[in-house]
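User: I am new to this structure and would like to go through it piece by piece. Could you answer my questions as we go?

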Amino acid sequence: MASEKRGSLVCVGTGIRAIGQATLEAKNHIAAADKVYYVCTDPVSEEWVRKLNPTAETLYTFYGDGKNRLETYRQMTQAMVDAVHAGQRVCGVFYGHPGVFAMPTHDAIRILRAEGYEATMQPGVSAEDNLYADLGIDPAKYGCQMYEATHLLATGRSLDTSVPAIIWQIGSVGDPGFNLSGFKGAHVPVLVEYLEKTYGPDHEVTVYEAAVFPGQKCRTDTMALHELGTAQLTGISTLYVPPKDKPQPDRDMIKRLKLRQQFTTRPTTATVTAPDSESDSDQGTTTAADPGKTTPPKRRGALVCVGSGIRSIGQVTLEAKNHIAAADKVYCLCSDPMSEEWVRKLNPTAETLYTLYGDGKNRIETYRQMTQAMVDAVHAGQRVCGVFYGHPGVFATPTHNAIRILRAEGYEATMQPGVSAEDNLYADLGIDPAKHGCQMYEATHLLTTGRTLDPTATVIIWQISCVGELGFNLSGYTGEHVPALVEYLEKTYGPDHEVTVYEAAVFPGQKCRMDAMPLHELGTARLTGVSTLYVPPKHKPKPDQDMIQRLKLRETFTTRPTMATAST
């Protein structure tokens, strides 16, 4: 029988920063495999993989100057599939997240599953995760929209100017080939022209490149949009476009949800994204405890915030483990008792922040207290490590606020990216956000700002069970306002559009939840505080034939190969 075939495939990620962003479970999978194929971006990671498993063989040799990347990715896919057919337990190792901008992994898994082989993907730390940490962005605050540059141009999408935008592969926009010497950027002015129609030439944007080596600084070059056309870009340059406008509150919906208007950006299940966090950033050199008291700069105390991932222990990165062990004081907010116990064993000073929650207590007050605990310990001269489940900057006001306060006071305060629930969703549902583009919103924020969803893009909606609820409930959320969310979505997708309720697995061996249903059934579905809604595209985007001709692309490249992977 097909299920008895011994060969198998697991695809893992090494993260972006060499070695340190690999997870513990990725390390174990690499070491245990019969055969390893890898695509790494740096020689340090490549050597680490080879030492971990001497069978390791690079797939980078399939690239070639001027060679169409689609052919390269087909060959990468075939190499992994052939090894599984030969009865080997194969581990495919790809830099970043193995399912983000990664055609070979998705294709190989799809082929092998259809043939009855075991084929899985484990999430990793992506460039997007690094961007959130380095630029201090929480996608829960205003939502987030992400598109690959060529796909954006060739489909003529409209960007929402009140939502942060992340545009990938800007250096290679319009170029489906591969060049060892780098991309020419011939079509970057076309991208600038396209964006200026929405944002104007003087809107400030940031060219971002994640650091690859420990101790190396990331690139964050801020400039006016019209200057982008002459900026130095590489194959890994990403464009961050901050909002131009503030979202407009939907007062009727706010009233329906029985919310005050100031909560159009609202607390999340374990964090908060309220407008008053804006004022926290203007504290200058004053302390959080006493706004009238100033603190001298450059004391020994320091803060680093790290993530523990979603799946217990296994999704911790190697650098996060080191930071936890080395700290003078650890504060943790873990999603399960196994992770909390692991943190305590790694560092006996570990103290949970969960005790600051309370039934019926407004979460904004809870997060202020969490922030204060970390800030006070740094003021006392301690090297503090804040450990938060998932990614420490995603749905996480306490980390962002503590870092902002401490930096203003002259202390060292940093964030290291982790594996988020979003990363798990990409891996478990087999979604590459590069393929259709992706929009992400927190449920209450979506309703209270009346945003227009892109029915041709992937849409992810967080915190669906507690939509419209600001308090914390140990017994769970009532889901009173879920029908309002369903009604809102039906206006765009119709009642019969299939959606999926997703919940990541927390323990090793546990299966994630993936319940597909027509949208109209969501109102009666069983939901928990960690339920996320995945809404697939309703229809394909319409190609912009004039733009495709201008970029000298065939229509088949409206969704196109990326720099080191593909998204067709």
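**Helices, strands and their packing**

User: At what angle do the axes of helix α1 (residues 24–32) and helix α2 (residues 43–52) cross?
Analyst: This is a predicted model, in which local features need pLDDT of at least 70 and side-chain atom pairs count only at pLDDT 80 or more, while totals for chains, interfaces and linings use all residues. Residues are numbered from 1 along each chain as its sequence is written, and side-chain values use heavy atoms, with hydrogens and water left out. Helices (H or I, at least four residues) and strands (E, at least two) are DSSP runs, numbered from the N terminus, and axes are lines fitted to C-alpha atoms, for helices over the stretch in contact, with angles from 0 to 180 degrees between N-to-C directions. The axes of α1 and α2 come within 8 Å, and they cross at roughly 55°.

User: Which word describes how α1 lies to α2?
Analyst: Angles under 35 degrees count as roughly parallel, over 145 as roughly antiparallel, 65 to 115 as roughly perpendicular, and the rest as oblique. The crossing is at roughly 55°, and that makes α1, relative to α2, oblique.

User: Which residues of α1 and α2 make the contact?
Analyst: Contact means heavy atoms within 4.5 Å. On α1 the residues are K27, I30 and A31, and on α2 they are W48, V49 and L52.

User: How many nonpolar residues does the contact of α1 with α2 have?
Analyst: Ala, Val, Leu, Ile, Met, Phe, Trp, Tyr, Cys and Pro count as nonpolar, Asp, Glu, Lys and Arg as charged, and the others, Gly among them, as polar. By these classes the contact has no polar and 1 charged residues, and the number of nonpolar ones is 5.

User: How far apart are the end C-alpha atoms of helix α18 (residues 482–493)?
Analyst: The expected span of a helix is 1.5 Å times one less than its number of residues. The 12 residues of α18 should therefore span 16 Å, and this agrees with the separation of its end C-alpha atoms, 16 Å.

User: What do the buried residues of α18 pack against?
Analyst: In α18 the buried residues are V482, A484, L485, V486, Y488, L489 and Y493. They pack against α9 (251–256), α17 (443–449), β17 (458–462) and β20 (532–535).

User: How many residues of strand β1 (residues 8–13) are buried?
Analyst: In a regular strand the side chains alternate between the two faces of the sheet. In β1 both faces are covered, with S8, V10 and V12 buried on one side and L9, C11 and G13 on the other. Of its 6 residues, the number buried is 6.

User: Over how many bridges do β1 and strand β4 (residues 89–94) pair?
Analyst: Two strands pair if DSSP finds at least two bridges between them. G13 has F94 as its bridge partner in β4. The two strands pair in the parallel sense, and the number of bridges is 6.

User: Which are the edge strands of the open sheet of 10 strands?
Analyst: The order is β9-β8-β10-β7-β6-β16-β17-β20-β18-β19, with mixed pairing. Each edge strand pairs on one side only, and these strands are β9 (219–224) and β19 (513–518).

Terms used: Buried < 20%, exposed > 50% of the residue type's maximum accessible area, 1.4 Å probe, protein only.
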